[in-house]
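Here is a friendly briefing to read alongside the model. Take a moment with the sequence and the 3D view before going on.

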Amino acid sequence: MHFLSEEQELVRNTARKFAEKHLKPGVIERDENAEFPFEQVKMMGELGFMGIMVPEKWNGAGMDTISYTLIIEELSRVDASAGVIVSVNNSLVCQIIVNYGNDWQKETYLKKLAGGRQLGAFSLSEPQSGSDASNLHTVAEKSGQYYIINGTKNWVTSGINSDVVIVMALTDKSAGYNGISTFIVPKDLDGFLVGQKEDKLGIRGSDTCELYFDNCRIPIENLIDKEGQGFRIALATLDGGRIGIAAQALGIAQAALDKSVQYAKERKQFGKTIGSFGAIQEKIALMGTNVEASRLLIQKAAVLKDAHKPYTKAAAMAKSFASQTAMDATIDCVQIFGGYGYMQEYGVERLMRDAKITQIYEGTTEIQQMVIAREIMEN
Ligand code: CAA
């Protein structure tokens, strides 16, 4: 895009080359066998992709949010599982510590997470608490120099392969969302148990699991910011996360568009390429327009975030629009491929399966619409 800076273009090309060279080989097998891309995550750490927006002082790449979205888009265009692993580590884990952590927490945890030496996960949801995110049951009771955590967390991306998890828990059960606090919890503590790997419809290369806390003692130094601020911290951080998931959706949609165009130009039926038929052109025109519109919404949210202007509404719009685009574009892509599209080896049915989660995690489309409507009506 012509309005990207030279540096942003370079970042995009680096991510594109990396994805083509290191993510494309084996992507179908990793999906089929639900294999985590360990090697690739290590390489992405070396490229600075695990701490894209983290200042260099803390081992990050010191880049802006546009660069972050370009990297997530390019990775997800080839392998959306890699996209979410990188997105969660960057926008939900590193950003919480950058924005709310103290220097000790940055020195001890952020440096390793941003430099790719450790992987992070974020756990807010619980069995009874998805969209109604403040309805937590996990408790963190203060006892001397420790908090004792008890409870269950659900659907934790990278829950199995991470080293450190950001955990939201109640430090005051009677205070509603004002009783929620945020902790940095290393995985090697006693009483921290990791559940079974979930068997998922899509993004099968990324791991998802439940986490259980059974009298897990965490030092008080691991509390982020102050007691009672955890819910606001989680929601503010999710605003940034939603830009990342929008970029993941955009990458999936762009892949569907690219594959559809290529196939429509090659495949012949009734003596003509199928791209010469209006029915196919209509699908491609709609896909192309929605992909562009998604990209613009994502860039708007990223620019507002970097300018330190309110971006809650922009992020919710970008996520809901881009994830709908990913779903529609991948369904149309499979349709354009016809019988071949339904077969695993063409790699388009995977796009359709991967697209679905972008309408669910980091706030469902229905929650994004609630956020957008509130923002429009209240401001
Ligand atoms: N930024 C900062 N603070 C915010 C905020 C935001 N975007 N939105 C709300 N708040 C503040 C409010 O101002 C309020 O604080 P004050 O009392 O000081 O004013 C407080 O948070 C509570 O706000 P609400 O009354 O609006 O809270 P609510 O209970 O009505 O919930 C919601 C609002 C938008 C529905 C929210 O619960 C939500 O976003 N739900 C979806 C949860 C979600 O996205 N989960 C994703 C899980 S993580 C995941 O998927 C990770 C993964 O592994 C990929």
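A word on terms before we start: the domain bounds used here come from an automatic or database domain assignment. Keep in mind too that this is a predicted model. With that assignment, the protein chain splits into domain 1 (6-118), domain 2 (121-228) and domain 3 (231-378).

**Where domain 2 meets domain 3**

- Between the C-alpha centres of domain 2 and domain 3 there are 30 Å.
- Domain 2 brings 17 residues to the contact, and domain 3 brings 13 residues.
- About 1,200 Å² of area is buried between domain 2 and domain 3, and carbon and sulfur atoms give 70% of that area.

**How helices α5 and α6 pack**

- Helix α5 covers residues 80-100 and helix α6 covers residues 103-114; their axes are 10 Å apart and meet at an angle of about 160 degrees.
- Angles over 145 degrees count as roughly antiparallel, so α5 and α6 are roughly antiparallel to each other.
- The crossing of these two helices, α5 and α6, is left-handed.
- From α5, the contact uses N89, V93, C94, I97 and V98; from α6, it uses Q105, K106, Y109, L110, L113 and A114.

Key
Residues are numbered from 1 along each chain as its sequence is written. This is a predicted model: local features need pLDDT of at least 70, side-chain atom pairs count only at pLDDT 80 or more; totals for chains, interfaces and linings use all residues. Side-chain values use heavy atoms; hydrogens and water are left out. Axes are lines fitted to C-alpha atoms, for helices over the stretch in contact, and angles run from 0 to 180 degrees between N-to-C directions. Helices (H or I, at least four residues) and strands (E, at least two) are DSSP runs, numbered from the N terminus. Angles under 35 degrees count as roughly parallel, over 145 as roughly antiparallel, 65 to 115 as roughly perpendicular and the rest as oblique. A crossing is left-handed if the near helix is turned anticlockwise from the far one by less than a right angle, and right-handed if clockwise. Contact means heavy atoms within 4.5 Å. Buried area is the accessible area (1.4 Å probe) that two parts lose on being put together, summed over both.
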